[in-house]
Amino acid sequence: MFYIIIFIFGLLFGSFFACIGYRIPNKISTIKPNSFCPKCKTELKWYMNIPLFSYIFLKGKCAYCKEKINIFYPLVEVCTALLYIFLFWVYGLSFNFLIGIVLISVFIITSITDFRYFYISDRVIVIGIILILILNYLSFGYGIFIYKVISGISMFFFMYLIKIIGDKLFKRESLGGGDIKLMAFIGSSIGFIPSLFSIFLASIIALPASLIIKNKEGIVPFGPFLLFASIFMWFLNIDIDLLSFLFI
Ligand SMILES: [Zn+2]
């Protein structure tokens with residue numbers, strides 16, 4: 001029963017993420033207007049806007065102009081739902097489940113905006129940090145909360161330092177501002193030492209991937225790799241974060 005509820009929630013959240021992943025970089029309000037077809041601009045009726053199911057019963061086409069609906073939308077919905085289900089399967093209804101939901105959600109939105117538009121939303125990062133810090137306070141107490149705040153701030157400056165060095169070394173912009181802000185979210189989510197490992201791991205994964213996904217200017221979006229690596233570190237849950245013990 002829980003699985004069905006979480007699957008439906010996952011589809012709804014996924015649909016919302018796909019929507020804001022398109023709207024925020026294109027500077028369209030996230031509340032108004034209602035969903036519309038990007039081709040003929042006709043506003044969609046509520047039954048044309050049900051995640052996954054509408055795509056299936058409209059056979060992947062706009063009901064008005066028959067323009068093909070991007071397969072990307074149902075794909076994001078299903079991926080989000082499956083990842084939520086996976087988290088529930090591993091953690092049950094717990095704070096870890098909720099922390100995982102925040103991490104996965106920021107990962108999905110950032111992947112959409114960064115891969116498609118080379119854009120990382122400040123709003124998403126700020127909301128992510130607030131949610132993750134509240135969850136840390138509620139589940140681990142005041143000491144760990146303070147530790148995560150310090151981790152977030154120091155990862156921000158650490159990444160900024162890497163950027164300054166990288167810019168000098170490569171004589172061009174090595175890291176985007178979004179990646180630096182994202183590191184504040186990752187630091188406050190998983191702590192200082194796992195964050196350092198994440199940067200290292202993300203660089204290793206991004207290297208071969210950069211040969212495939214590179215745009216004209218030769219920029220590779222680094223944000224999704226950072227988040228992927230940090231979720232992996234969080235999921236491993238190894239006690240490498242010795243610093244955090246000082247705060248318990
Ligand atoms: Zn249309």
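Predicted model: local features only at pLDDT ≥ 70, side-chain atom pairs only at ≥ 80, totals over all residues.
## Domain organisation

The protein chain is divided into two parts, domain 1 (1-93) and domain 2 (95-248). Taken over C-alpha atoms, the centres of domain 1 and domain 2 are separated by 26 Å.

Contact between the domains involves 16 residues of domain 1 and 13 residues of domain 2. On the side of domain 1 that touches domain 2, helix 1 and helix 3 each supply at least two residues. Helix 3 accounts for the largest share of that side, with seven residues.

## The largest nonpolar core

The largest nonpolar core comprises 45 residues, and Ile104 and Leu226 have the most contacts inside it. Two or more residues of this core come from each of helix 1 (2-23), helix 3 (72-91), helix 4 (95-117), helix 5 (122-140), helix 6 (142-170), helix 7 (177-190), helix 8 (192-212) and helix 9 (223-236). Helix 4 gives the most to this core, namely nine residues. Because domain 1 (1-93) and domain 2 (95-248) both give residues to the core, it lies between them.

Leaving aside residues up to four places away in sequence, Ile104 touches Leu83, Leu87 and Ile231.

## Packing of helix 4 against helix 9

The axes of helix 4 and helix 9 come within 8 Å and cross at roughly 160°. Helix 4 is therefore roughly antiparallel to helix 9, the angle being over 145 degrees. The crossing in which helix 4 passes helix 9 is left-handed.

On the helix 4 side, the contact is made by Leu103, Ile104, Val106, Phe107, Thr110, Ser111, Asp114 and Phe115. Helix 9 contributes Gly223, Pro224, Leu227, Phe228, Ile231 and Trp234 to this contact. Ile104 and Ile231, which touch one another, both belong to this set of contact residues.

## Loop residues with positive phi

Lys27 lies in the loop between helix 1 and helix 2 (53-57). The phi of Lys27 is near 55°, a positive value in a residue other than glycine. Lys27 has 6 C-beta neighbours inside 10 Å and so counts as exposed, the cut-off for that class being 12 or fewer.

Phe118 is found in the loop between helix 4 and helix 5. Although Phe118 is not a glycine, it has a positive phi of about 50°. With 16 other C-beta atoms within 10 Å, Phe118 is partly exposed, since a buried residue would need 20 or more and an exposed one 12 or fewer.

How values were computed
Residues numbered from 1 in each chain as written. Core = buried A, V, L, I, M, F, W, Y, C linked by C-beta atoms within 7 Å. Helix = DSSP H or I, 4+ residues; strand = E, 2+ residues; numbered from the N terminus. Domains from an automatic or database assignment. Contact = placed C-beta atoms within 7 Å. Axes fitted to C-alpha atoms, helices over the stretch in contact; angles between N-to-C directions. Parallel < 35°, antiparallel > 145°, perpendicular 65-115°, else oblique. Left-handed = near helix turned anticlockwise from the far one by under 90°.
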